[in-house]
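Visitor: I am new to reading protein models. Could you walk me through this one?

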Amino acid sequence: MIAIAILAAGRGTRMKSDLPKVLHELGGRSLVERVLQSCQEIEISRRLVIVGYRGELVKQSLMESQEIPENPDFPPLEFVEQTEQLGTGHAIQQLLPHLKGFPGDLLVLNGDVPLLRAETIKQLMAIHQQHKNSATILTANLPNPQGYGRVFTDSQNFVQQIVEDRDCTTAQKKNQRINAGVYCFHWPHLEKILPDLKADNDQKEYYLTDTVSILSPVMAVDVEDYQEILGINDRKHLATASDILQARVKDKWMKAGVTLIDPNSITIDDTVELQPDVVIEPQTHLRGKTSIASGSRIGPGSLIENSQIKENVTVLYSVISDSTVSENSRIGPYAHLRGHAQIGANCRVGNFVELKNTQIGDRTNVAHLSYLGDATLGEKVNIGAGTITANYDGKNKHKTQIGDRTKIGANSVLVAPITVGEDVTVAAGSAVTEDVPDDCLVIARSRQVIKPGWKLKDRNKELGL
Ligand code: UD1
Ligand code: CA
């Protein structure tokens, strides 16, 4: 039986932020969400998260994060409060009433170690169980171990002591083997000694790491790729983690048949799905739950978030959020799709067009300089340059409907709520305020007046100037 506990109570002073450190985002997910995710491949019977600094916020964020309810096999999250943050040992002491008599192992993870692979956790647990250790800890040999606790072992590789960087002597600092902040304890053993921890160190905190000197046997397991165990303490670490994550994600997609042109200028969240033969051009950013199907070419200079792009679409210098684009459509340059816009197949949404909560049927074009909000357009509609749906009356939003094959002349305004039928032609420059039936021409503007022989100076005379 395995319980996991995630340490997420600290503020993270070195981040210089009001936001709890574990809620800082990395590639579309919070640090703590990533830590939870790294435990996905082991069978867990309890999941405890220790919260403190702005605990409600941490709790809320984890409950809302989409990953958590996704897997019904996981037990619910239990939140344990650490009202004062007196150290990592003190944090685990808060579990005592909750895990009283729990017979299994407790996997403890720092909430600020977001790059761990599920495979690594699995290995750590396997070694722990195979050797029936009292504790097994994840370690790494770092070229620059500064800031981490140093792990000291005896000749048989059993851990004797972990000394925090700030408590190390100059000689101890030379030890490059560090504590990753990931531990597996046999809970009945840990439970017994937890109350005995002393805050006998530079920070006057109760250190979880002191337990390894009391327990036995304690084994250290070195991680293969030390990038995995990077602990995030400040913004520089966050940037480094982001680089590592980006490299991982891009590697994966290039191997899967995606072309990235100038990969360093591109960012891709690891929540994004790409199909083979997608091409991502420079300065493009793909975020959240976005998917892009084969043959599509995105960028340069585009931002796509939480959107679905179907096959053979091109997106050029555009921003698309929470929207879908169907096959063979061309978006941009300089289009903005947002608020659940849905573009049909073989459409063209062009230069300087903004679409909000608007559905567009197949083969419909909105090619230049338009704003369509809360509108539904049929198939083969043509929207002339500069068309605007006036969807907001100062208080409420209203809908516009436009039927199949209708043509809206350039520079028209459609004052919603309004329905324009099928096969309608709206004359350029119209202000359409009333519903229009099928099969007709609408001219909703004042007629042009021509005054023969009229001259500017005559007019001045008329006015007595
Ligand atoms: C800790 C380890 C260090 C290890 C490093 C790995 C200790 C004493 N030291 O140091 O050996 O090399 O992680 O990254 O454990 N937290 C609480 N309550 C508290 C204090 C901290 O929940 O009272 C949480 C923090 O929110 C954080 C985690 O514990 O998620 C680690 O705390 P942090 O202060 O970052 O520890 P380090 O100094 O990095
Ligand atoms: Ca840390």
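Visitor: Why does cysteine 347 count as buried?

Guide: First, a caution: this is a predicted model. Buried means under 20% relative accessible area. Cysteine 347 has 2% relative accessibility, so it counts as buried.

Visitor: How do you know how many disulfides the structure holds?

Guide: A disulfide needs two cysteine sulfur atoms within 2.5 Å. The structure holds zero disulfides. Take cysteine 39: the nearest cysteine sulfur belongs to cysteine 184 and is 11 Å away. Cysteine 39 is therefore in no disulfide, given the cut-off of 2.5 Å.

Visitor: What makes strand β7 largely enclosed by the rest of the structure?

Guide: Count its residues. β7 covers residues 135-141, and six of the seven are buried, so the rest of the structure largely encloses this strand.

Visitor: Which strands pair with β7, and in which sense, parallel or antiparallel?

Guide: Strand β10 (residues 177-186) pairs with β7 in the antiparallel sense, over six bridges. Strand β11 (residues 218-222) runs parallel to β7, joined by five bridges. Threonine 136 shows both pairings: it stands opposite cysteine 184 in β10, and its bridge partner in β11 is methionine 219.

Visitor: What caps the N-terminal end of α9?

Guide: Aspartate 234 does. One of its side-chain oxygens lies 3.1 Å from the backbone nitrogen of lysine 236. The cut-off for a polar contact is 3.5 Å. Just after the helix, glycine 257 takes a positive phi of about 100 degrees.

Visitor: What covers the buried residues of α9?

Guide: The cover includes β2, α1, β12, β13 and β14. Among the buried residues of α9 are Leu238, Ile244 and Trp253.

Visitor: Why do β12 and β41 stand at the edges of their sheet?

Guide: The sheet is open, with eleven strands in parallel pairing, and its order runs from β12 to β41. Each of these two has a single partner strand, so one side of each is left without a neighbour in the sheet. For β41, two bridges join it to β39. One of the bridge pairs is threonine 425 with leucine 441.

Terms used. Residues are numbered from 1 along each chain as its sequence is written. Chains are lettered from A and ligands numbered from 1 in the order in which they are written. This is a predicted model: local features need pLDDT of at least 70, side-chain atom pairs count only at pLDDT 80 or more; totals for chains, interfaces and linings use all residues. Side-chain values use heavy atoms; hydrogens and water are left out. Two strands pair if DSSP finds at least two bridges between them. Helices (H or I, at least four residues) and strands (E, at least two) are DSSP runs, numbered from the N terminus. Buried means under 20% relative accessible area, exposed over 50%, partly exposed in between (1.4 Å probe, protein chains only). Contact means heavy atoms within 4.5 Å. A polar contact is a pair of N or O atoms within 3.5 Å; within protein, one must be able to donate a hydrogen and the other to accept it, and residues adjacent in sequence count only if both atoms are side-chain atoms.
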